[in-house]
Amino acid sequence: MDLFDRISADIKAAMLSREKVRLETLRGIKKEFLEAKTAKGGDGTLSDEAALKILAKMAKQRKETAQIYEEQNRPELRDNELAEAAVIEEYLPSQLSDEELTAELEKIIASVGATSPKEMGKVMGVASKALSGRADGKAISAKVKELLNK
């Protein structure tokens, strides 16, 4: 079962169990998937890889919005955004820990042969593709910078 079908099935389950936040979030995910399927230049299908990118973007948006609500002292809105982010993250692969990220990036740096911060672009290109969905771009960038500055 691909992600699109899984989301559709989970929408039905959320309706039956009357989970309002989960249902709204899943409907939002399905809307984004449908828009991606029918986007201009698309072939009417949505690969799981593309779906994961959409989910990662949605989760990141929710977390950033929650941070803004936190700064504005709006806990009720922050909590709703965090609840939606938690639902979205259920469909994402588990994120790498700091140690796992460091180990993966050290392998990538060695394979690329980068030795200085000037070669960060080469490393980031490979790392972004290899770690897509398993680590945040900001975290990858910061760790690459740290490793190349040693």
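The chat below goes over the fold, surface and cores of a predicted model.

Trainee: How many helices and strands are in the chain?
Mentor: The chain has 7 helices and 0 strands. Its pattern along the sequence is α-α-α-α-α-α-α. Bear in mind that the model is predicted.

Trainee: What does the C-alpha trace span along its principal axes?
Mentor: About 55 × 45 × 25 Å.

Trainee: And what share of the contacts comes from residues 24 or more positions apart?
Mentor: Such pairs make up 59% of the contacts with a separation of 6 or more.

Trainee: OK, cores. Which residues have the most contacts inside the largest nonpolar core?
Mentor: Ile-7, Leu-26, Ile-29, Phe-33 and Leu-55, in a core of 19 residues. At least two residues of this core come from each of helix H1 (3-17), helix H2 (20-37), helix H3 (48-71) and helix H4 (75-89).

Trainee: Take Leu-55. What is it in contact with, leaving aside neighbours within four places in sequence?
Mentor: Leu-55 touches Leu-3, Ile-29, Phe-33, Ile-88, Tyr-91 and Leu-92. Apart from that core lies another, with 16 residues, including Leu-101, Ile-109, Leu-131 and Val-144.

Trainee: What percentage of the chain is buried, then?
Mentor: 31% of the 150 residues. The accessible surface is about 9400 Å², and carbon and sulfur atoms account for 52% of that.

Trainee: Switching to charge: how many positive and negative side chains are there?
Mentor: There are 26 positive and 27 negative side chains. The centres of the two sets are 4 Å apart.

Terms used
Residues are numbered from 1 along each chain as its sequence is written. This is a predicted model: local features need pLDDT of at least 70, side-chain atom pairs count only at pLDDT 80 or more; totals for chains, interfaces and linings use all residues. Side-chain values use heavy atoms; hydrogens and water are left out. Helices (H or I, at least four residues) and strands (E, at least two) are DSSP runs, numbered from the N terminus. Buried means under 20% relative accessible area, exposed over 50%, partly exposed in between (1.4 Å probe, protein chains only). Contact means heavy atoms within 4.5 Å. Accessible areas come from the Shrake-Rupley method with a 1.4 Å probe; for residues, only the protein chains shown count as cover. Lys and Arg count as positive and Asp and Glu as negative; His and the chain ends are not counted. The place of a charge is taken as NZ of Lys, CZ of Arg, CG of Asp or CD of Glu. A nonpolar core is a set of buried Ala, Val, Leu, Ile, Met, Phe, Trp, Tyr and Cys residues joined through side-chain atoms within 4.5 Å.
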